[in-house]
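I looked up each item in turn and recorded what I found.

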Amino acid sequence: MAAEKLSFVGLLLIGSVLVVTACNNGYELIVHKIENCDGSVITIDPKSTVTLTEDCKVKSKSTVTTTGFKDAEMTVKLSKNGIPVMQEKMDLCNLMEDSKNNKEAAEIMTMFGVPDECPVAAQEINTNESQEYSLEKYKQHLMMAEGKILVDCHIKHDSNGGYRIKVRKLQNCAGSDAVIVAQENYTAVLTKNCEIKSRGCVTYKSFRTGIIKYKIKKNGVQMVQGRMDLCDQIASGDRDPTIGPMMRTLNLPNKCPVEAGTLCTHPTQVLNIEQYKQFLPLARGSIEIESDIQHDTEESLEKFLEESLKNWQKKSMEQFLKKYQEEFLKNPRRKY
């Protein structure tokens with residue numbers, strides 16, 4: 001049964017829609033139409049052909065192109081003469097792996113150049129009519145396939161589950177005194193292979209410490225709140241084997257004190273969250289994160305010193321001018 005299923009998948013990669021008609025006391029395979037969906041990871045040349053010879057051999061001439069994928073969940077719907085016959089969901093990568101333990105399936109995969117394991121690299125697979133596969137052992141089932149067969153194959157690749165990230169609003173609340181200011185048109189996207197790409201800038205003044213008070217709401221309901229030491233988080237994150245590389249990818253500071261600067265991200269800086277993809281359903285909905293960061297900042301210290309210095313300079317200058325004026329009046333010819 002496994003061999004039959006795998007050979008079916010081999011055919012599926014060759015043609016999406018087959019029409020089977022009776023002809024001269026035999027059967028003939030005719031590819032009536034192949035339709036690729038927009039943005040498909042796997043595409044089949046619409047001009048691909050499949051033929052069934054008199055001695056029950058299948059020959060094909062086709063081109064299959066893939067942009068590459070790491071995993072794939074395939075849903076196949078089969079209808080005959082407009083009536084649904086079967087619907088099945090399967091893991092395409094597991095199916096490939098299983099083929100290694102099935103001699104007949106392995107021959108089919110090898111013959112048609114179909115990959116036998118994931119991840120699958122970007123490639124083009126071509127078949128020609130010199131490659132044959134015999135259906136003789138299944139010829140008694142051909143009469144059951146007589147008619148118009150429609151195969152609808154939908155494959156979800158790299159299982160981000162169809163989720164996406166949309167930044168609806170980013171608001172800076174501390175006004176001109178804010179130590180960290182994010183660009184309000186900041187954007188982020190989640191790709192099909194569980195990668196986050198962002199574009200935007202964050203400007204920050206220098207700071208030595210930071211205590212974050214945060215609240216997280218989901219669909220308007222507060223889920224969690226707490227406080228953390230920003231500098232401790234920066235230091236521990238840099239040491240973490242998972243978070244550290246992400247921080248370095250985005251060029252984030254790795255310790256306190258933090259010098260003033262501007263940090264900009266670009267879609268070429270990719271964060272892979274594949275290991276966290278099982279948690280994506282938990283995040284589904286509208287997420288609101290509010291954070292209030294209290295800094296014992298260099299900025300505050302600089303302002304204090306600057307004002308003190310100005311006051312000292314002003315007072316000292318007044319005293320100096322008064323003394324200079326007195327001395328000048330006493331001795332006009334003295335050099336100063």
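Is Cys-194 buried or exposed? Cys-194 counts as buried, because its relative accessibility is 0%. I note that the model is a predicted one.

Entry on the disulfides. I found three disulfides in the structure. With the bonded cysteines numbered in sequence order, I recorded the pairing as 1-2, 3-6, 4-5.

I took Cys-93 and Cys-118 to begin with; their sulfur atoms are 1.9 Å apart in a disulfide. This link is left-handed, with -80° about the S-S bond. Cys-93 belongs to helix α2 and Cys-118 to the loop between α3 (103-111) and β8 (123-127), so the bond ties together parts 25 residues apart in sequence. I also noted that Cys-93 counts as buried, at 8% relative accessibility.

I then turned to Cys-201 and Cys-264, whose disulfide has its sulfur atoms 2.0 Å apart. Cys-264 is partly exposed, with a relative accessible area of 39%.

For Cys-231 and Cys-256 I recorded a disulfide with an S to S distance of 2.0 Å. The link is left-handed, with -85° about the S-S bond. Cys-231 lies in helix α4 and Cys-256 in the loop between α5 and β16, so parts 25 residues apart in sequence are tied together. Cys-231 counts as buried at 12% relative accessibility, whereas Cys-256 is partly exposed with a relative accessible area of 23%.

Entry on helix α2. Which residues of helix α2 (residues 92-99) are buried? I listed Leu-92, Cys-93, Leu-95, Met-96 and Ser-99. They lie on the same side of α2, because they cover an arc of only 160° around the axis. At the N-terminal end of α2 I found Asp-91 as a cap, with a side-chain oxygen 2.9 Å from the backbone nitrogen of Cys-93.

Entry on the salt bridges. I found five salt bridges in the structure. One of them joins the side chains of Lys-57 and Glu-132, at 3.5 Å from N to O. Lys-57, Lys-59 and Glu-132 are linked in a network of salt bridges. I noted Lys-57 as partly exposed at 28% relative accessibility, and Glu-132 as partly exposed with a relative accessible area of 30%.

Another salt bridge pairs Glu-73 with Lys-89, at 3.9 Å from N to O. Glu-73 is in strand β6 (residues 72-80) and Lys-89 in strand β7 (residues 83-91), 16 residues apart. Glu-73 counts as partly exposed at 33% relative accessibility, and Lys-89 as exposed at 57%.

I also recorded Asp-238 with Arg-248, their closest N and O atoms 3.2 Å apart in a salt bridge.

Entry on Ile-34. I placed Ile-34 in the loop between β2 (26-31) and β3 (42-44). Ile-34 counts as buried at 7% relative accessibility.

Note on methods. Residues are numbered from 1 along each chain as its sequence is written. This is a predicted model: local features need pLDDT of at least 70, side-chain atom pairs count only at pLDDT 80 or more; totals for chains, interfaces and linings use all residues. Side-chain values use heavy atoms; hydrogens and water are left out. A salt bridge is a side-chain nitrogen of Lys or Arg within 4 Å of a carboxyl oxygen of Asp or Glu. Buried means under 20% relative accessible area, exposed over 50%, partly exposed in between (1.4 Å probe, protein chains only). Helices (H or I, at least four residues) and strands (E, at least two) are DSSP runs, numbered from the N terminus. The arc is that of the directions from the helix axis to the C-beta atoms. A polar contact is a pair of N or O atoms within 3.5 Å; within protein, one must be able to donate a hydrogen and the other to accept it, and residues adjacent in sequence count only if both atoms are side-chain atoms. A disulfide is a pair of cysteine sulfur atoms within 2.5 Å.
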